[in-house]
Amino acid sequence: MLLELRDISVNYGKISAIRNISIGVPEGQIVTIIGGNGAGKTTTLRAMSGMLPLHSGEIHFDGKRIDGMASHKIVANGIAHVPEGRRIFPDMTVEENLRTGAFLRKDRDKIEADLEDVFKRFERLRERRRQRAQTMSGGEQQMLAIGRALMSDPRILLMDEPSMGLAPVIVEEIAQIIEEINARGLSVVLVEQNAVLALELANHAYVLESGNMALEGPAGDLHDNEHVRAAYLGL
């Protein structure tokens, strides 16, 4: 496994947010975590990227234990996080936002090549490279958040609700972007309330309910699971 969570628990003060969660992310695959509001999806991603300390358990990335490691060191090791709500720098230009993603890197020639690669993938970002980020549409800001994460040269991308608040046509475009990123060898952990979209994109899926692991298995199997269809797919 490229990324492995082993029986992790996370607390907010005395409140237990997730309990004994185990998740494996094979290299080159898309793994999704679905569940309702308050299920623990975002907490799980934040634990992966070092934003929240573990109460118990371990997290391993590429054979190295990373729980307890500072977030910037986790990024330097190859894990990038696209947070819920995009969290771009609104007063900075598109290009300035993208360059912040490469802040920890020293390979200047590769940074410039990666910036050009992001502009090739997101032509709208190239067109708006001198534009302040806050003036862009929600879909364009989501592309910027993804592009910024890619500028860290990651091996795995953690994505928190990338379709939230976007028009259906833009959701389809974001889904295509995720597939293209994965096709180039980048592993993806996708947290989504849009369970239909998530299960269509993913190889493997985990279902969280009230901080506990309820189900896990191949995404196609969970799509056909009666409980998942009734609770999350509206079928």
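Modeller: The structure holds 22 salt bridges, a salt bridge being a side-chain nitrogen of Lys or Arg within 4 Å of a carboxyl oxygen of Asp or Glu. This is a predicted model, in which local features need pLDDT of at least 70 and side-chain atom pairs count only at pLDDT 80 or more, while totals for chains, interfaces and linings use all residues. Residues are numbered from 1 along each chain as its sequence is written, and side-chain values use heavy atoms, with hydrogens and water left out. Side chains of opposite charge can pair when their charged atoms come close.

One of the pairs is Arg155 with Glu27, where the closest N and O atoms are 2.9 Å apart. Helices (H or I, at least four residues) and strands (E, at least two) are DSSP runs, numbered from the N terminus. Arg155 has a relative accessible area of 29% and is partly exposed, whereas Glu27, with 53%, is exposed. Here buried means under 20% relative accessible area, exposed means over 50%, and partly exposed is in between (1.4 Å probe, protein chains only).

A salt bridge also joins the side chains of Asp114 and Arg105, at 2.9 Å from N to O. Both Asp114 and Arg105 are buried.

Glu123 and Arg126 both belong to helix H5 (residues 123-127) and are three residues apart, about one turn of the helix. Their side chains meet in a salt bridge of 3.4 Å, N to O. Glu123 is partly exposed at 40% relative accessibility, and Arg126 is partly exposed at 25%.

Salt bridges can also link up into a network, as they do for Glu4, Arg6, Glu58, Arg65 and Asp67.

For the nonpolar side, there is a largest nonpolar core of 49 residues, in which Ile146 and Leu157 touch the most other members. A nonpolar core is a set of buried Ala, Val, Leu, Ile, Met, Phe, Trp, Tyr and Cys residues joined through side-chain atoms within 4.5 Å. Helix H7 (residues 168-183) gives the largest share of this core, seven residues. A second, separate core has 27 residues, among them Leu3, Ile8, Val10 and Val189.
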